[in-house]
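Keep the model open while reading.

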Amino acid sequence: SNPTKRNETKRNETKRNETMGWKAIFLAAGHSEESNFHKDVAADGPKSSYKHLLGMPKLLTPIAGAPVVEHWLRQLKQCGIADGFVIVTNETYAPQFREWAAAGDHPPECVLSDGTTQHAERLGAAGDLKLAVEHAWRREGKGASGGGGGKDKLLVVAGDTLLYHDFDLSAFLETAALAGEEAGGERGMALVYYGINDPSEAHK
């Protein structure tokens, strides 16, 4: 047999193993009254060509003919992630996400509302993440405490984030999986962020 071919097969198998068991959680529970994106759209006035984006969650904003979330799902599919995803949103945006899910033949339980209707009630990223993780575990019968879910690998995505076309999500997931192995398989993590040269731009 060909040693080169055997090595390539082994590498491909390792890559598949590193992308197995991943679940994606999209954090999309921000409220429009505190969103700079929605404030900018509103500032353009009623004749703006972008006025249809008012009241639309950023994760459903159309980019290049498809909502932001669908660009992410396409990337996840290319990485071989088929264990599902959860979108945690607020009660105001939940109907739009449920409509999107039904139109795309996604299970209704992929949309989770945190029950809030205004910015003052927000749970914050940590609260929404906890809610989504418990929801995902209950879907699999692991109980709210996670019982056995600790080995799941989570990809947490900010709902207003879109990857550059040349970003290799698969390579990032491999890095994150290796970080978990080096940490004993339980607490490894990896983070991706966009660098900002001008600190004054950080609030945008």
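The side chain of Thr116 makes a polar contact with the side chain of Asp114, at 2.8 Å. This is a predicted model. A further polar contact joins the side chain of Thr116 to the side chain of His31, at 3.0 Å. Thr116 is found in the loop between strand 5 (111–113) and helix 5 (124–139). Is this residue buried or exposed? Thr116 has a relative accessibility of 4%. The cut-off for buried is under 20%, so Thr116 counts as buried. Leaving out residues up to four places away in sequence, Thr116 touches His31, Asn90, Glu91, Thr92, Glu121, Arg122 and Leu123.

**Overall layout**

The protein has 204 residues, and 34% of them count as buried. It holds 6 helices and 6 strands. From the N terminus on, their order is α-β-α-β-β-α-β-α-β-α-β-α. Among contacts with a separation of 6 or more, 64% are between residues 24 or more positions apart. The accessible surface comes to about 12,600 Å². Carbon and sulfur atoms account for 54% of that surface.

**Nonpolar cores**

In soluble globular proteins, nonpolar side chains tend to be buried together. Here the largest nonpolar core has 31 residues. Phe26, Ile87 and Leu169 have the most contacts inside it. Which elements give two or more residues to this core? They are strand 1 (22–28), helix 3 (68–78), strand 4 (85–89), helix 4 (94–103), strand 6 and helix 6. The largest share, 5 residues, comes from helix 3. A second, separate core has 9 residues, including Val88, Ala132, Ala136 and Trp137.

Leu169 deserves a look of its own. Setting aside neighbours within four places in sequence, Leu169 is in contact with Trp72, Gln75, Leu76, Cys79, Leu155 and Leu163. On helix 3, the buried residues are Val68, Val69, His71, Trp72, Leu73, Gln75 and Leu76. Just after helix 3, Gly80 takes a positive phi of about 80 degrees.

**Salt bridges**

Side chains of opposite charge can pair when their charged atoms come close. How many salt bridges does the structure hold? There are 2, listed here.

| Salt bridge | N to O distance |
|---|---|
| Lys58 and Asp160 | 3.5 Å |
| Glu134 and Lys130 | 2.8 Å |

Take Lys58 and Asp160, whose side chains meet in a salt bridge. This pair links distant parts of the chain, 102 residues apart. Lys58 sits in the loop between helix 2 (36–43) and strand 2 (62–63). Asp160 sits in the loop between strand 6 (153–158) and helix 6 (169–182). Lys58 counts as partly exposed because its relative accessibility is 28%.

Now take Glu134 and Lys130. These residues are 4 residues apart in helix 5, so about one helical turn separates them. An α-helix has 3.6 residues a turn, so residues three or four places apart point the same way. Lys130 is exposed, with a relative accessible area of 52%.

Technical notes
Residues numbered from 1 in each chain as written. Predicted model: local features only at pLDDT ≥ 70, side-chain atom pairs only at ≥ 80, totals over all residues. Heavy atoms only, no water. Buried < 20%, exposed > 50% of the residue type's maximum accessible area, 1.4 Å probe, protein only. Contact = heavy atoms within 4.5 Å. Areas by Shrake-Rupley, 256 points an atom, 1.4 Å probe, with all protein chains shown as cover. Polar contact = N/O pair within 3.5 Å; in protein donor to acceptor, adjacent residues only side chain to side chain. Salt bridge = Lys/Arg side-chain N within 4 Å of Asp/Glu carboxyl O. Core = buried A, V, L, I, M, F, W, Y, C linked by side-chain atoms within 4.5 Å.
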